[in-house]
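Subject: Structure handover and notes on charges, burial and backbone

Dear colleague,

I am passing on the structure that we spoke about, together with my notes on it. Please look through the model first and then read the remarks below it.

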Amino acid sequence: TNCINEAIESKLQELFNKKTVIFHNAKFDLAWFEYHFGFKFPNIEDTMLLSYLINENPGHHGLKALALKYTPYGDYEKPMHDWIDNYRKEHRILKNEFRWEEIPFDIMKTYAAMDALVTFILFEKFVKIKDNEKLAWVYKNLLVPGTRFLLTTQENGVPFDKTRLIVAQDLMQQNIDAAIASMYKDFDIKKFEKLNGKPFNPNSTVQLRSLLFDFIGLNPTGKKTGTGQWSTDSEVLNILAEKSELPKHILAIRQRSKIKNTYLDKIIPQLDKDSRLRTSFNLHSTTSGRLSSSGKLNMQQIPRDNPIVKGCIRASTGSQIVAMDLATAEVYVASVLSSDKALQNVFKSGGDLHSTVAKMVFQLPHEVADIKTYAAKERQAAKAVTFGIMYGSGPAKVSETVTKDSGEFFSIEQAKDTISKYFLTFRKLKTWLTKSKEQIESDGFIYSILGRKRRLANVFSNDKGIASHEVRSGINFLIQSVASDINLLAGIELSKWFKDNKKDAKIIALVHDSLVLEVKESEIEEVSEMMAKITQKDRGCSIPGQPIGVDLDIGDDYAFGKFEKQYPELL
């Protein structure tokens with residue numbers, strides 16, 4: 001910054017206005033330049049996003065890795081890092097205490113110049129991917145505008161109630177202590193400790209495995225860890241909890257500890273002065289094309305079963321949290337992609353999706369509205385097949401899912417019969433799934449209806465398990481990426497509408513297939529109507545006369561009433 005005065009700033013802005021500026025990870029650089037200098041960049045390119053178009057697998061898009069692979073300059077950062085190591089040793093500075101500001105300009109300038117050179121070389125190579133019209137559309141309409149949109153979303157920040165966080169933190173510790181106390185009262189724990197001559201540590205998987213499988217004698221579920229040991233993860237403990245109280249205690253301790261340690265403890269020190277937390281949303285980190293979240297808080301992994309964290313995401317005075325979620329989006333997309341009129345008519349008929357499907361598949365005499373009451377098991381079976389078959393679930397998985405969710409045994413033979421009836425009802429869906437599978441197995445790649453490409457080289461594996469998993473990933477991609485892109489396109493357009501119409505509304509997060517906003521109370525009705533209108537636009541994947549469904553939630557906090565219900569003492 002010492003090299004740039006006001007005159008140079010003016011000339012640089014004039015240059016940026018006339019030329020296309022090439023970045024690597026533009027979202028980061030745009031934020032930095034706009035914050036420090038107020039620069040604007042009307043036309044940009046991003047070699048990181050171009051790299052993602054070439055190879056959608058995450059973890060391959062860093063500038064250093066790409067420089068090593070595609071340029072003759074190799075590890076050009078090494079001299080600078082050697083200087084840093086020597087400087088730290090001389091001044092006895094720990095790695096996490098070193099500040100980049102301490103690097104002299106004479107050392108930094110070469111590294112910075114090489115960054116620019118390598119980025120330009122990569123651009124000259126990668127820009128050719130835009131000769132592919134489908135990928136060029138994705139880049140122009142999703143990735144580049146998505147970069148600017150997510151930059152705005154990140155800057156908006158997620159509003160937290162700091163007082164609630166502090167009280168919630170204390171309460172969750174009390175809940176953890178109570179769960180631990182309950183566990184140690186268990187008769188089996190006391191006997192186990194006496195036998196071993198030491199306290200039981202619930203965080204020790206070795207002790208837990210010994211307690212559950214050797215001492216108590218519970219049968220392992222069959223699930224193993226990467227090292228071949230019996231697993232004691234949450235899925236296993238939930239199954240074992242049906243036969244013993246002890247796994248319930250362990251689950252309660254784990255779940256409450258995760259909420260406190262992963263969320264409440266980490267959020268509080270990372271809040272900015274305005275009590276907002278600014279985290280990252282990423283366009284290039286999943287093979288499915290869905291967004292990911294990283295940094296200070298992963299917004300995609302906020303606990304669903306416990307509302308305490310969501311309840312601390314609270315709108316500022318005079319505003320409310322508004323969330324709009326795509327309703328059964330993936331089934332809707334599948335009905336369009338398969339051109340299955342029978343499945344599309346389910347959406348046109350309105351009412352509960354899974355009840356309607358159950359009525360059709362099992363030819364039930366009940367009205368759709370009564371099926372939850374009088375044919376709950378059939379509805380559960382239809383639901384399991386609807387979600388399962390699109391991702392490759394067979395009869396065994398459907399049997400397991402329905403048995404667990406309905407509380408009644410549902411045999412593999414019953415599952416086979418249900419799947420058979422399902423595909424007799426929705427014949428074109430079956431045809432589309434079969435054709436998509438054949439195309440993936442033949443080509444080793446597939447395109448979504450919006451132009452994203454998913455490369456699936458493992459379909460050619462000699463291992464049938466690996467090959468079939470790759471096919472399932474491809475089918476998943478065809479459906480999931482489109483639902484996610486509909487949501488992203490809506491967010492991009494809605495954010496622009498806010499700016500053009502000077503609305504006091506902010507998109508604060510994208511969570512799976514939903515947009516989360518903070519909106520002034522006086523604007524909620526208008527903003528909600530516009531959000532639905534934009535989201536339900538035909539993006540090239542719609543049922544004629546029946547736009548994709550949206551569900552709207554409005555409340556003081558992101559838990560929408562569940563926080564007050566479960567934790568009234570925190571209010």
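This is a predicted model: local features need pLDDT of at least 70, side-chain atom pairs count only at pLDDT 80 or more; totals for chains, interfaces and linings use all residues.

Residues are numbered from 1 along each chain as its sequence is written, and side-chain values use heavy atoms, with hydrogens and water left out.

Salt bridges

A salt bridge is taken here as a side-chain nitrogen of Lys or Arg within 4 Å of a carboxyl oxygen of Asp or Glu, and by this rule the count comes to 33 salt bridges. One of them joins the side chains of Lys 377 and Glu 408, with an N to O distance of 3.7 Å. This pair links distant parts of the chain, 31 residues apart, since Lys 377 belongs to helix H17 (residues 376-389) and Glu 408 to the loop between helix H18 (395-406) and helix H19 (412-425); helices (H or I, at least four residues) and strands (E, at least two) are DSSP runs, numbered from the N terminus. For exposure I use relative accessible area, with buried meaning under 20%, exposed over 50% and partly exposed in between (1.4 Å probe, protein chains only). Lys 377 is therefore partly exposed at 22%, and Glu 408 is likewise partly exposed at 45%.

Glu 101 and Arg 99 also meet through their side chains in a salt bridge (3.7 Å, N to O), and Glu 101 is exposed, its relative accessible area being 61%. In the bridge between Asp 504 and Lys 506, the closest N and O atoms are 3.8 Å apart; Asp 504 is partly exposed at 36%, and Lys 506 is partly exposed at 30%.

Positive patch and helix H14

On the surface, Lys 341, Lys 348, Lys 428 and Lys 435 gather in a patch of positive charge. Patches are made of residues with over 30% relative accessible area and no salt bridge, and like charges are joined within 9 Å. The elements that give two or more residues to this patch are helix H14 (341-349) and helix H20 (427-443). Lys 435, which lies in helix H20, counts as exposed because its relative accessibility is 55%.

Gln 344 also has its place in helix H14, but this residue is buried, with a relative accessible area of 6%. Leaving aside residues up to four places away in sequence, Gln 344 touches Ser 335, Val 336, Ser 339 and Ile 543, where contact means heavy atoms within 4.5 Å.

Backbone angles

For Asn 25, phi is near 70°; Asn 25 sits in the loop between strand S1 (21-23) and helix H2 (26-36) and is partly exposed at 27%. For Lys 502, phi is near 55°; Lys 502 is found in the loop between helix H21 (464-500) and strand S10 (505-511), and Lys 502 is exposed, with a relative accessible area of 73%.

Conventions. Patches are made of residues with over 30% relative accessible area and no salt bridge: like charges are joined within 9 Å, nonpolar side chains (Val, Leu, Ile, Met, Phe, Trp, Tyr) within 5 Å. Accessible areas come from the Shrake-Rupley method with a 1.4 Å probe; for residues, only the protein chains shown count as cover. Lys and Arg count as positive and Asp and Glu as negative; His and the chain ends are not counted. The place of a charge is taken as NZ of Lys, CZ of Arg, CG of Asp or CD of Glu.
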